[in-house]
Amino acid sequence: SYWFRDPQRWEVVAFRTNDGTRVMKRVAGMPGERVAVASGNLLINGEERDFPEQLSDLHYYGYGCLASRSAYTAAGGYFVMGDYSRDSNDSRFEGVLPRRSVRGRAWLRVWPLERIGFVE
């Protein structure tokens with residue numbers, strides 16, 4: 001799905017980890033941006049970035065490379081984070097996701113059943 005365009009912020013992308021496990025994480029930072037977390041909010045290049053309305057309950061934790069309010073530059077890749085960031089092995093611990101590693105994006109939600117449908 002990324003043959004004609006690059007991933008965009010807030011999309012959920014699929015990729016394989018170094019051990020071959022297929023995972024999906026949300027794009028929080030674009031290549032070259034400085035990413036930080038303060039009070040659960042995402043800061044991009046020092047400015048707070050609002051979550052889209054459908055993600056308003058998202059809360060990010062400043063763990064790993066974002067601990068103690070430090071900023072991390074997503075040079076050469078995408079800064080991806082799990083939606084349950086309290087317990088997610090993501091770019092805060094593994095570094096940025098190179099563009100060549102992105103295999104696709106989420107487009108259909110099948111669970112929970114009351115939320116089944118296309119991903120906006």
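Which residue forms a salt bridge with Glu 11? The legends below describe close-up views of a predicted model, and the first of them gives the partner.

**View 1. Glu 11 and Arg 5 form a salt bridge.** The partner of Glu 11 is Arg 5, and their closest N and O atoms are 2.6 Å apart. Glu 11 counts as buried, at 14% relative accessibility. Arg 5 counts as partly exposed, at 29%. A search of the whole structure finds five salt bridges, and this pair is one of them.

**View 2. Asp 6 and Arg 99 meet through their side chains in a salt bridge.** The N to O distance is 2.9 Å. Asp 6 belongs to the segment before S1, while Arg 99 sits in the loop between helix H1 (91-94) and S8, so the pair ties together parts that are 93 residues apart in sequence. Asp 6 is partly exposed, with a relative accessible area of 46%. Arg 99 is also partly exposed, with a value of 27%.

**View 3. Strand S1 pairs with strand S2 and with strand S8.** Four of the five residues of S1 (residues 12-16) are buried, so this strand is largely enclosed by the rest of the structure. Five bridges join S1 to S2 (residues 22-29), and the two strands run antiparallel. S1 and S2 form a hairpin with five residues between them. In the turn, Gly 20 has a positive phi of about 90 degrees. S1 is also joined to S8 (residues 102-105) by three bridges, again in the antiparallel sense. Strands of a sheet pair through backbone hydrogen bonds, either parallel or antiparallel.

**View 4. Four strands form an open sheet in the order S5-S4-S3-S6.** The pairing in this sheet is antiparallel. Its edge strands are S5 (47-49) and S6 (72-73), each of which pairs on one side only. Strands S3 (residues 34-38) and S4 (residues 41-44) pair over four bridges. Val 35 has Ile 44 in S4 as its bridge partner.

**View 5. The largest pocket holds about 840 Å³ of space.** The elements that give two or more residues to the lining are S2 and S9. S2 gives the most, with three residues. Val 12 is in strand S1 and is buried, with a relative accessible area of 17%. The C-alpha atoms of Val 12 and Met 81 are separated by 9.3 Å, although these residues are 69 apart along the chain.

**View 6. Asp 83 forms a salt bridge with Arg 26.** The closest N and O atoms of this pair are 2.8 Å apart. Asp 83 lies in the loop between strand S7 (79-81) and H1, and Arg 26 lies in strand S2, so the pair ties together parts that are 57 residues apart in sequence. Arg 26 is buried, at 10% relative accessible area, whereas Asp 83 counts as partly exposed, at 39%.

**View 7. Seven residues form a nonpolar patch on the surface.** The patch consists of Trp 107, Leu 108, Val 110, Trp 111, Leu 113, Ile 116 and Phe 118, which together have about 860 Å² of accessible area. Ile 116 lies in the loop between strand S9 (108-109) and strand S10 (117-118). Ile 116 is exposed, with a relative accessible area of 52%.

Technical notes
Residues are numbered from 1 along each chain as its sequence is written. This is a predicted model: local features need pLDDT of at least 70, side-chain atom pairs count only at pLDDT 80 or more; totals for chains, interfaces and linings use all residues. Side-chain values use heavy atoms; hydrogens and water are left out. Patches are made of residues with over 30% relative accessible area and no salt bridge: like charges are joined within 9 Å, nonpolar side chains (Val, Leu, Ile, Met, Phe, Trp, Tyr) within 5 Å. Accessible areas come from the Shrake-Rupley method with a 1.4 Å probe; for residues, only the protein chains shown count as cover. A salt bridge is a side-chain nitrogen of Lys or Arg within 4 Å of a carboxyl oxygen of Asp or Glu. Buried means under 20% relative accessible area, exposed over 50%, partly exposed in between (1.4 Å probe, protein chains only). Two strands pair if DSSP finds at least two bridges between them. On a 1 Å grid over the protein atoms alone, a cavity is a set of points where a 1.4 Å probe fits but cannot get out, and a pocket is an open set with protein on both sides within 12 Å along at least five of seven lines; lining residues have an atom within 4 Å of a point. Grid points are joined across faces, edges and corners, and a volume is the space filled by probe spheres set on the points.
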